[in-house]
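Open the model in your viewer and keep the selection panel at hand. The stops below go from pockets to a helix.

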Amino acid sequence: MEAEVCITFAEFGKMQNICNFLVEKLDSSVVISQPQFYHTPGSVENLRRQACLVAVENAWRKAQEVCNLVGQTLGKPLLIKEEETKEWEGQIDDHQSSKLSSSLTVQQKIKSATIHAASKVFLTFEVKGKEKKKRHL
């Protein structure tokens, strides 16, 4: 008897564990193909959103540090604008790109299928003078 089973995993570690388990239990009677990697549209959109949030957080932190340095207090944001978003798939080294994709190791396939995202944001904050603490006598 011969059967083909196709399984979709969201976690690479779980896929490895199950493949290892099947090979251990079924020995040579099981053939496991190389994994095929893909990203759902929702996961790419989530990555874009996370990149934007991290960019805003970084801008806020930098503004906070500048205000502290010059003796001011950072106020509320007056303008938050995402100016640019880009994403790209990981790349394999140039000397490896000439190889057929079937000859790449799993680690190389993961590296080449990994999606990176960057977000450029513009923020304007209100800046206030340092608030003096009231003394209680």
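**Pockets, then a helix**

The second largest pocket has a volume of about 170 Å³. This is a predicted model. Select the lining of this pocket: Phe12, Met15, Gln16, Cys19, Asn20, Val23, Ile32, Ser33, Gln34, Pro35 and Val106.

Next, move to the largest pocket. How much space lies in it? About 1,200 Å³. It is lined by 34 residues. To find its centre, select Ile7, Phe9, Met15, Pro35 and Gln36, the lining residues that lie nearest to it. Met15 and Pro35 also line the second largest pocket.

Select α1 (12-26) and α4 (106-113); each supplies at least two residues of the lining of the largest pocket. Which element gives the most? α1 does, with six residues. By class, this lining has 22 nonpolar, nine polar and three charged residues.

Now select α2, residues 41-69. This helix has 29 residues and reaches 42 Å from its first C-alpha to its last, close to the 42 Å expected at 1.5 Å a residue. Highlight its buried residues: Val44, Ala51, Cys52, Ala55, Val56, Ala63 and Cys67. An α-helix has 3.6 residues a turn, so residues three or four places apart point the same way. What do the buried residues of α2 pack against? Show β1 (72-89) and β2 (115-129) to see their partners.

Definitions and conventions. Residues numbered from 1 in each chain as written. Predicted model: local features only at pLDDT ≥ 70, side-chain atom pairs only at ≥ 80, totals over all residues. Heavy atoms only, no water. 1 Å grid on protein atoms, 1.4 Å probe; cavity = no way out; pocket = protein on both sides within 12 Å on 5 of 7 lines; lining within 4 Å. Points joined across faces, edges and corners; volume = space filled by probe spheres on them. Helix = DSSP H or I, 4+ residues; strand = E, 2+ residues; numbered from the N terminus. Nonpolar A, V, L, I, M, F, W, Y, C, P; charged D, E, K, R; others polar. Expected span 1.5 Å × (residues − 1). Buried < 20%, exposed > 50% of the residue type's maximum accessible area, 1.4 Å probe, protein only. Contact = heavy atoms within 4.5 Å.
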